[in-house]
Amino acid sequence: MPSLDQIAVGSKGFITQIEGEDSTSQRLMEMGVIEGEPFELLAVAPMGDPLEIKIQGYRLSIRKTEASQVLVQLT
Amino acid sequence: MNEINSLSKTIRIALLGNPNTGKTTLFNALTGLNHRVGNYPGVTVEIKKGSFIYQGKTIEILDIPGTYSLTPRSPDELVSVELVLGLNPLEEPPDALLVLADASNLDRNLYLATQAFETGLPIILALSMVDLAESAGIKIDILALSLKLGIPIIPIHAAKRKGLEELKSGIILIKAKKCIPPIPTFPQVVEDCRGLIRTQLGVKLGDKGSVFLAGRLLLETDEFLSKQLIQKFFLDLSSLILECREKLKASGINLISIEAKSRYAWIREMLAPCVRKPDKKLVAWTDRVDRVLTHKVWGMFLFFLIMFLMFNALFIAAKPLMDLIGDGKNYLGQSVENIIPEGMLRSLLVDGLLEGVGGVVTFLPQIIILFGFLAVLEDCGYMARAAFLMDRVMVKCGLSGKSFIPLLSSVACAVPGVMATRVIEDKKDRLATILVAPLMSCSARLPVYVLFIGALLTDGYPMWFPGLMLFCMYSIGFVTAPLAALVFKSTLLKGKGTPFLMELPVYKRPSFRVIFARIYEASFSFLKRAGTMIAATMVLIWAVLYFPSVSSLGESYPDLIAKAPTQEQQDALLLEWKKNSYLGRAGHWIEPAVKPLGWDWRIGVATLASFPAREVVVGTLGIVFGLGKDSKDERQLLEILQKARWNDDPNQPLLFNVPSAISLMVFFALCCQCVSTLVVIKQETRTWFWPTFTFVYMTSLAYLAALVTYQVGMLLL
């Protein structure tokens with residue numbers, strides 16, 4: 001299963017798992033990045049990091065380090 | 001009796017909401033400008049407290065900083081949570097919570113609301129951006145949702161003053177109505193464990209031992225609250241908490257994800273019958289704009305264009321206003337000189353007080369322009385995109401994209417630059433940015449560079465040389481600031497900060513009212529809190545340069561100067577007086593320290609005297625090189641500097657050569673000779689520790705760099 005930092009711009013899918021048991025993963029989940037949630041990778045910043053995803057109807061900027069903790073299933 | 005009466009006439013509300021929901025706008029709209037910053041020890045963010053009177057009742061509002069969740073992970077967030085739960089000893093517990101939610105993104109906004117529901121306090125829910133939600137095709141049946149949750153829900157548009165009356169009357173009724181919403185359901189075993197902890201909390205904290213607090217203790221990852229509980233209330237529940245967690249794990253509950261999962265599931269269940277989302281996903285206008293503004297080529301081009309405009313406005317548009325303030329100051333000085341006879345009082349008024357106050361007001365044009373720009377960029381939603389674009393670069397020096405604009409602004413002036421760091425949520429990032437902002441080459445360094453390059457590095461050099469020197473001087477800041485940030489972030493401010501998760505808000509037209517409020521607030525807080533301190537320091541510096549004003553023969557210098565027949569004698573007397581002043585003596589005293597930099601005592605004094613502001617050094621050099629106070633002719637100063645000899649002794653070598661001139665400029669590039677910056681750092685960090693630290697580290701850095709420059713330069717010569 002790919003993680004959020006490995007997929008191409010424009011990909012759509014849903015979140016399958018948030019790895020890690022730290023406050024980062026807890027914060028991600030509070031922001032609505034939870035299992036089963038559909039998302040779209042909207043853009044990558046010009047210098048390659050961070051990413052812009054659409055989730056829960058809003059746009060979230062997330063760095064690749066954190067994105068690598070988020071496993072996704074593409075549709 | 002009276003006191004009880006007046007107490008019941010006051011309703012205390014805490015205002016909660018996610019960032020970017022328009023919370024500050026609502027707070028300002030409710031309280032007008034009638035608010036002040038609360039003083040809670042250890043807090044670096046501003047927590048504002050305001051009040052208004054409605055139907056004979058006083059309503060006090062505590063503006064809790066914008067957050068996505070009430071899970072405390074830092075001392076700042078802990079104070080917010082304490083205030084909401086009524087556990088802060090400095091503040092009465094709130095009577096009710098006002099939660100502001102963005103209607104266009106209700107699911108995520110209600111996450112924080114569900115946490116507020118668990119406090120057991122009455123709740124009023126205000127919805128902002130209802131128009132945005134509608135244009136995105138989201139329909140909310142507010143009445144149905146209000147019935148379902150059992151709380152008043154009021155749509156508002158604070159910038160247009162819509163819904164405020166309804167909100168105010170809702171607040172008035174809140175105590176009587178006791179609108180307490182249901183709380184999210186968790187799996188039974190979680191609720192049981194939470195119940196156990198709550199019972200134990202209740203023994204010590206009574207009603208304040210809420211379901212929310214019990215749940216937080218059960219599910220927190222870093223034991224932050226547990227430790228606080230032991231420290232502040234001598235209540236150690238750690239063994240019970242661990243036991244409960246084991247029980248949850250045994251039932252197959254994931255301690256990390258259970259809270260978010262349960263809350264979001266409950267929110268969906270509540271919203272399902274009341275909110276209709278569009279069947280077909282409309283490609284939002286914001287998404288289309290973003291494709292351009294975050295584009296590899298166009299996005300970067302537009303970003304640099306906007307930065308260029310802002311930067312030019314700071315430099316160019318502020319200039320005439322600053323000149324105007326300077327002229328006004330001089331005019332006032334002239335008027336005072338015409339009215340008051342020569343003497344100490346006149347000197348205090350003109351050279352001390354007026355210079356001090358004028359020095360403060362001079363910053364206003366830049367603050368107004370910068371904060372005007374920032375308010376527009378922030379309110380229309382571009383600020384987050386700027387941070388998005390620049391994040392990668394800033395990560396390299398241990399910061400985030402949000403530090404870019406404050407640092408860039410510091411190239412014009414560190415005072416507004418330091419104030420602009422308020423947009424950085426991460427405490428360590430913000431502090432690191434504040435500490436290095438004064439290293440950026442600000443406009444006050446320019447007169448120093450121009451003077452010394454003009455005097456010593458122009459004649460006899462190729463035409464391109466002065467320009468190259470100026471460029472090198474400016475580069476010192478651009479190179480040192482990121483390096484220093486990296487050093488601070490990997491030593492003093494080390495540690496895993498908060499992950500850089502940032503919402504990119506929907507683009508909208510900026511509201512004039514919001515922009516005006518931001519500018520007003522920035523200027524007012526600068527004038528009120530920093531201004532007095534800056535002016536006072538200026539007067540202090542005046543005093544140590546004025547006293548003692550009596551010569552060794554017991555004659556008063558001002559009288560001697562007044563009696564002296566020629567200008568030359570007057571200038572010589574002025575020099576003698578300044579040499580004899582406390583600051584002058586200090587200059588002599590530090591001469592052994594500055595000699596290895598290639599400076600004699602006169603430069604030492606000029607440097608000391610320029611503590612209030614770097615550009616003052618030009619004027620002070622005029623005095624110590626015997627040119628008198630108002631050396632209008634800079635050309636004359638240039639010549640004198642070129643011809644100056646060590647300690648004014650004709651047998652000594654020339655004072656300035658290339659290494660000593662560069663050493664002086666390097667010193668001014670890196671030092672923190674700027675009272676205003678230091679005072680603003682105090683204002684923003686709420687402690688004298690950080691300005692002291694900034695001054696010490698920058699002065700040491702400047703000294704070392706100047707020392708190396710001179711010594712290496714002399715070896716090469």
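In chain B, 71% of the contacts between residues at least 6 apart in sequence join residues at least 24 apart. Two residues are in contact if their C-beta atoms, placed from the backbone, lie within 7 Å. This is a predicted model: local features need pLDDT of at least 70, side-chain atom pairs count only at pLDDT 80 or more, and totals for chains, interfaces and linings use all residues. Residues are numbered from 1 along each chain as its sequence is written, and chains are lettered from A in the order in which they are written.

**Chain B overall**
- Chain B has 33 helices and ten strands. These are DSSP runs (helices: H or I, at least four residues; strands: E, at least two), numbered from the N terminus.
- Its C-alpha trace spans about 95 × 65 × 50 Å along the principal axes.

**Where chain B meets chain A**
- 32 residues of chain B are in contact with 32 residues of chain A.
- Several elements of chain B each supply at least two residues to the side that touches chain A, among them α4 (106–117), α14 (298–339) and β10 (501–504).
- The largest share of that side, five residues, comes from α17(B).

**Strands across the chains**
- Strand β4 (residues 58–62) of chain A and β10(B) run antiparallel, joined by four bridges. Strands pair if DSSP finds at least two bridges between them.
- Ser61(A) has Met502(B) as its bridge partner in β10(B).

**Around Ile123(B)**
- Beyond its neighbours within four places in sequence, Ile123(B) is in contact with residues including Val99(B), Phe117(B) and Cys179(B).
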